[in-house]
Amino acid sequence: MDERFNRWLLPPLLALLFLLIVYQYVSPACPGAACPRRPPASAARRGGGPTEREEEEEAAAAGAAEEEEEAAAALPRLVAKFPFARGELCRRVRFDMRGRDVIVFLHIQKTGGTTFGRHLVRNIRLEQPCYCRAGQKKCACHRPGGDKDTWLFSRFSTGWSCGLHADWTELTSCVPAAMERRGCAGNRTLRNFYYITMLRDPVSRYLSEWKHVQRGATWKTSLHMCDGRSPTPDELPTCYEGDDWSGVSLQEFMDCSYNLANNRQVRMLADLSLVGCYNLTFMNESERNMILLQSAKNNLKNMAFFGLTEFQRKTQYLFERTFNLKFISPFTQFNVTRASNVDIGEDVRQRIEELNFLDVQLYEYAKDLFLQRFQYSKQEEHQKNRLKRREERRLLREQRAHQWPREEAAEISVTEDYNSQVARW
């Protein structure tokens, strides 16, 4: 009977022994090297096999970097015509609206200045927006904090305080005193004036001015102050008799040799006191033209900002970058204008370019500087974004590196606790 009992007892014991052996190999609580545990996720990270989530994050970061590189490469290659130093391309103004900084807008006729001037008073995102009453052109652009002083000197904020379409010569001598007259009594804090302007293709601007004069505009109330006085009638005669020049033909407009529409942009940006103001006998014509053009280029280059009518979005971008201000709505490019609707022949175009040969040279200079500034700012922005992404990836790697030892230590602690429990059982 003992034999029969041993025969029936032996198979269950062997089966139990087999189960224990199998359990030792498959259980995560098995001790020592006999346990073929699955390596933790942290080991997989440190080893050659990254996790699926990590691969997705790396792929997303790489994709963003590739998109940024493609955007940078998409910028058209600009062949620079004029050499400019880095400081002349990188325009950044620490504009203190709460302090005593003032933006002065030099408004040249028929350059899109009216549209840009409205952007300044109605379209900038400000802590204290300009207050514009319905039906009135001027807006009150006060500084934040209840100060009644203004941060903007322009047609739509202070009016024509220095004269109708005052030029660079007039503004630089008039604006400081005009701002003092507008300021609070006893407030004579030194102000920082940041001059800005808009330029336009000379042929288009000339045609636009002709159409404007043809409709009755004269600007005859302009002061043209220079060296403390206005020009005499002999120094600045008019091209017409009567109240205006309504109905003037393009040929008549071009035939007037003392028409201020000729080279208007150079004249309004140059320091006229260098050439004897409007006294044409002060020096010979070639020397006068050379000095005016160089003065206009220098003043334009040293301005805080200038835009081009033909590049509205780029103008918006550079203004925002220069003054660290943001517009609410994007600028609109109007390619159909009164000037574009004028059908002229090649001979007429050449004649207009000859009459505005100084403006043509200035615009070529301004366009090259403008596009170089835009490209420099875009490249600087791309570089800043690349460095930012690189820093974010570095911080992410450091964060993971701090998390992995804690996860491994927690996993080992759980395993040891489980092993001690099994040994106790």
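Is Phe319 buried or exposed, and what is its relative accessible area? Phe319 is buried, with a relative accessible area of 0%. Buried means under 20% relative accessible area, exposed means over 50%, and partly exposed lies in between (1.4 Å probe, protein chains only).

The model is predicted; local features need pLDDT of at least 70, side-chain atom pairs count only at pLDDT 80 or more, and totals for chains, interfaces and linings use all residues. Residues are numbered from 1 along each chain as its sequence is written, and side-chain values use heavy atoms, with hydrogens and water left out.

Aromatic pairs were searched for across the whole structure, and 20 were found. Rings of Phe, Tyr and Trp (its six-membered ring) pair if their centres lie within 6.5 Å; planes under 30 degrees apart count as stacked, over 60 as edge-to-face and the rest as tilted. In the pair of Phe82 and Tyr365, the ring centres are 5.2 Å apart and the planes meet at 70°, so this pair is edge-to-face. Phe82 sits in the loop between helix H3 (52-74) and helix H4 (86-89), while Tyr365 belongs to helix H13 (residues 357-424), so the pair ties together parts 283 residues apart in sequence. Helices (H or I, at least four residues) and strands (E, at least two) are DSSP runs, numbered from the N terminus. Phe82 is partly exposed, at 22% relative accessible area. Tyr365 is buried, at 7%.

A tilted pair is formed by Phe319 and Phe327, with 5.3 Å from centre to centre and 40° between the planes. Phe327 is buried too, at 5% relative accessibility. Both Phe319 and Phe327 belong to one aromatic cluster, together with Phe95, Phe105, Phe116, Trp151, Tyr194, Phe305, Phe323 and Phe331.

Charges also sit over rings. The criterion is NZ of Lys or CZ of Arg within 6 Å of the ring centre and within 35 degrees of the ring normal. Lys314 lies over the face of Phe374, 5.0 Å from the ring centre. Lys378 lies over the face of Tyr317, at 4.4 Å.

Strand E5 (residues 192-199) is mostly covered, with six of its eight residues buried. Two strands pair if DSSP finds at least two bridges between them. Strand E1 (residues 101-106) runs parallel to E5 and is joined to E5 by six bridges. Here Asp101 stands opposite Asn192 of E5. E5 is also joined to strand E6 (residues 305-308), by four bridges and again in parallel. Leu199 has Leu308 in E6 as its bridge partner.
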